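Please look through the structure shown here with the sequence beside it.

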Amino acid sequence: MKRERILKFTTPASIWQEAFPIGNGRLGAFVYGGTDGELLRINEDTLWSGYPGDEQTGMTKDAIDQARELAKQGRYREADALLKESNKGVRDVQIYEPFGDLVLTFEKEREITAYERSLDLDTACVNVTYRDRDNAFEETCFASAPAQEICLRICAEKPFTVKISAENGFLTEQRYETDGFALFGRLPGKSLRTVGSGKGEVESFVFSEIPEEMGMRYEGRGRVRTAGGTTEAQADGLVCKDVLELEIFLAVRSSYAGADRHPETEGADTAALLETDLHGSERSFEVLKQEHIAEYQELFNRVELELPESGREQLDLRERILQYEKDPDDTALESLVFDFGRYLLISCSRPGSQPANLQGLWNCEKLPPWHSDYTVNINTEMNYWMTGPCRLHELIEPLVRMNRELLDNGKQTAKTYFGCDGAACFHNVDLWRKTSPADGSPSWAFWPFGAAWMCRNLFDEYLFTKNNYYLREIFLILEENVRFCYNVLEKTPDGYAVCPATSPENMFLDHGKKTSIGLYTENTLAIIRNLFRDYLEACDALKRESDAAGADSVSASTATAYSNSAAVFPDAVLSQSVREILPKIVPTKIGSKGQILEWNEEFEESEPHHRHLSHLYEFHPGRGITNRTPELYSAVKESLTERGDETTGWSMAWKMLMWARLEEGTHIDGLMKLLFRLNEPRDPKMSERGGVYANLLCAHPPFQMDGNFGYTAGIAELLVQSHADEIVILPALPGHWTKGSVKGLGVRGNVCVDITWDEEKTECTLISSTDQKRTVRIKGGIQKEISLTAGKAVSFGCNRAGEQVE
């Protein structure tokens with residue numbers, strides 16, 4: 001029997017960290033499930049302050065050149081100070097802003113009993129039920145991708161009265177009519193706030209009457225239907241009196257027309273877009289709901305993880321997390337959070353939407369942590385690690401499109417700061433595709449390899465799908481980033497490297513003082529090594545395609561969004577140059593403790609348990625260190641052991657992936673105990689630790705979505721791996737996962753895998769999209785080469801003695 005995939009509470013949400021997220025990729029909300037009044041905190045993914053134009057401010061090429069010379073002389077602190085000073089006055093990323101709140105206020109005092117609030121991951125619907133004295137209420141809310149609307153229904157056995165209104169965000173005008181409402185807003189033309197400044201709202205936001213300096217317009221239209229009773233439009237809301245049923249269909253659009261088009265002078269027609277969206281509400285709520293569920297389940301049902309029930313499924317979610325801390329015998333909760341990660345990505349990243357940002361899609365603050373931006377020195381990339389193994393290939397399209405849009409500003413950044421061709425991207429990105437440096441310490445501000453890192457996501461997706469339409473779509477992105485990386489390499493006594501360099505957000509001690517600038521770093525070089533390898537593999541694949549006169553490894557029917565990709569011809573001179581320089585790049589080095597060296601020397605670390613694992617990039621998400629490079633493989637383990645497990649939420653998820661690749665399942669037991677600690681924002685003893693909030697969102701703290709996405713990718717990694725030249729079944733099963741099954745996981749080479757296991761045996765079934773031979777290993781059991789025929793299932797297994805079973 002299929003288990004319930006439901007998050008449950010027995011009380012309404014009183015804070016954001018208790019509410020439930022819904023989303024259709026572009027449009028979303030946090031639903032509180034209130035009883036005195038319902039609250040929906042609305043988001044639309046293009047609501048950012050600002051307008052196009054990366055001013056390329058901050059540090060200069062001269063300063064970088066001087067810092068390089070200082071680093072070559074071992075004067076690291078001076079180089080650090082020079083870059084920090086030269087970066088003063090930099091313009092930082094703009095801010096992802098909330099739409100505002102939709103508020104439903106019930107008339108009269110209420111006496112609530114039998115309350116239950118749930119998020120059903122199988123249907124992507126929030127459901128609320130309760131009694132108010134002798135009246136039974138039922139609420140359903142979802143964000144429909146087909147209809148492009150948020151749909152809310154409240155019905156009761158007896159008449160009730162409720163007022164609909166809106167507040168917060170940057171709403172400037174509200175109009176209410178008997179059958180609906182219209183809400184209008186205007187975002188700041190600029191935010192002058194820098195990510196780490198802590199400046200207040202008043203001095204941060206700039207509003208101008210000059211069209212070229214005006215910010216985004218946005219509009220929400222709500223269509224309201226009732227059963228029974230009357231509706232009365234008032235100046236501050238719409239009163240629905242003595243109704244038995246209330247339905248609200250909310251559509252939201254902004255004037256965003258593209259990253260390179262001004263939202264005021266070249267903006268989209270919001271009214272026309274909303275007119276199209278609201279056609280959906282002409283149909284019944286139930287029809288829209290079933291259409292929404294069917295569309296959502298086509299994505300969500302591709303993977304199914306089943307672990308034994310714990311008997312805690314009916315507990316309030318907060319109590320369930322607290323019970324886990326006392327006794328972690330709740331594998332059903334662990335699998336629920338795996339499913340929750342897939343639900344969240346489906347809800348906040350769809351073809352045509354913006355990519356998932358630091359908070360996915362959801363933000364209720366005008367000044368959110370780190371501007372709720374795209375932090376591309378790990379966090380944005382982690383959001384998309386699950387797309388291959390969970391077979392959610394369509395969901396990476398926004399990341400591909402963002403990287404394509406980054407190229408124009410990225411080329412200017414490469415010229416301005418490094419005087420070379422290619423495209424570069426520093427670590428903070430926004431809707432307008434800023435690629436220049438951010439504010440603050442060089443430890444994060446001086447790191448121009450954000451897009452180069454994202455290329456690893458893009459190419460790895462190709463390895464999962466083997467879709468040459470898609471490869472052509474991403475190739476020019478790869479090539480421009482390769483061009484930049486090739487141009488900034490220079491010869492050192494140890495080989496070719498980028499000088500000077502940082503390791504994202506980490507520092508070392510130079511004569512007892514913290515500094516971040518080294519001569520070179522393993523992170524920078526690992527990114528380049530992997531990018532060059534991926535690029536050369538892409539060149540070879542496209543050459544084979546050309547030689548085959550356009551033949552593709554997949555049918556045209558599977559090309560979807562990439563079916564119009566034009567032919568691509570790799571730059572022969574660049575590809576040859578890359579082949580020649582790749583083996584000459586400084587290799588990964590091992591220190592005196594057997595650890596991977598992070599910088600060019602074995603400096604004393606200023607923070608030995610730092611949250612970033614940037615120096616282990618070659619191991620994950622890279623593929624240069626595997627069990628076939630045993631010395632480096634052992635050095636990775638030593639490095640992870642030195643860093644320890646206690647850290648922020650997203651970092652624990654990354655460590656989980658690393659330990660899974662080390663095939664150390666028993667270590668993951670301990671990481672799960674740390675990940676599933678309750679972070680309670682109202683309790684000082686709990687509010688500062690990594691873990692999860694009551695609604696299972698990851699606590700950095702504060703909230704960041706990447707921990708949820710990283711956890712889901714980590715679960716997939718411990719179940720099946722394919723980053724080396726073999727498929728490994730159950731490589732890192734946690735010690736307490738003694739029985740279970742998973743269906744539909746993807747591995748590189750476009751193979752789908754089903755696995756079942758218990759204490760006696762493990763069985764797997766593989767289905768390939770093409771004819772191919774693959775080596776398959778069951779951890780602790782057998783290894784064999786199997787021949788896969790396209791579309792035909794192949795099954796085998798072994799017992800605990802390692803003997804094959806049929």
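A residue counts as buried when its relative accessible area is under 20%, as exposed when that area is over 50%, and as partly exposed in between. The model discussed here is a predicted one. Phenylalanine 170 counts as buried because its relative accessibility is 8%. Phenylalanine 207, at 49% relative accessibility, counts as partly exposed.

The structure holds 39 aromatic pairs. One of them is formed by phenylalanine 170 and phenylalanine 207, whose ring centres are 6.1 Å apart and whose planes make an angle of 45°, a tilted arrangement. The pair links distant parts of the chain, 37 residues apart. Phenylalanine 170 sits in the loop between strand S9 (149-167) and strand S10 (171-177), while phenylalanine 207 is in the loop between strand S13 (205-206) and strand S14 (217-227). Phenylalanine 170 also has a charged group over its ring: the charged end of lysine 366 is 4.5 Å from the ring centre. A second case of this kind involves arginine 117, whose charged end sits over the ring of phenylalanine 20 at 4.9 Å from the centre.

Phenylalanine 619 belongs to the loop between strand S24 (604-605) and helix H15 (630-643), and tyrosine 633 to helix H15 itself, so the pair ties together parts 14 residues apart in sequence. Are these two residues buried or exposed? Phenylalanine 619 is buried, with a relative accessible area of 0%, and tyrosine 633 counts as buried at 17%. Elsewhere, one aromatic cluster is formed by Trp385, Tyr417, Phe418, Phe426, Trp447, Phe449, Trp453, Phe484, Tyr617 and Trp654.

Arginine 350 lies in the loop between helix H7 (331-348) and strand S18 (374-375). Its relative accessibility is 10%, so arginine 350 counts as buried. Which side chain does arginine 350 join through a polar contact of 2.6 Å? The partner is the side chain of glutamate 295. Apart from neighbours within four places in sequence, the residues in contact with arginine 350 include Asn24, Gly25, Ala145, Leu299 and Arg401.

The strands remain. A sheet of six strands is open, with the order S17-S29-S30-S31-S34-S35 and antiparallel pairing. Strand S17 (304-306) and strand S35 (804-805) are at its edges; each has a single partner strand, so one side of each lacks a neighbour in the sheet. Within the sheet, strand S31 (residues 761-768) pairs with strand S34 (residues 794-799) in the antiparallel sense over six bridges, and threonine 762 stands opposite cysteine 798 in S34. Helix H18 (residues 706-719) lies across S17, strand S29 (740-747) and strand S30 (751-757), and runs at about 100° to S29.

A further strand pair is S20 (residues 489-492) with S21 (residues 495-498), antiparallel and joined by four bridges. Leucine 489 has valine 498 in S21 as its bridge partner.

How values were computed:
Residues numbered from 1 in each chain as written. Predicted model: local features only at pLDDT ≥ 70, side-chain atom pairs only at ≥ 80, totals over all residues. Heavy atoms only, no water. Pairing = 2+ DSSP bridges. Helix = DSSP H or I, 4+ residues; strand = E, 2+ residues; numbered from the N terminus. Buried < 20%, exposed > 50% of the residue type's maximum accessible area, 1.4 Å probe, protein only. Polar contact = N/O pair within 3.5 Å; in protein donor to acceptor, adjacent residues only side chain to side chain. Contact = heavy atoms within 4.5 Å. Axes fitted to C-alpha atoms, helices over the stretch in contact; angles between N-to-C directions. Phe/Tyr/Trp six-rings, centres within 6.5 Å; stacked < 30°, edge-to-face > 60°. Lys NZ or Arg CZ within 6 Å of the ring centre and 35° of its normal.
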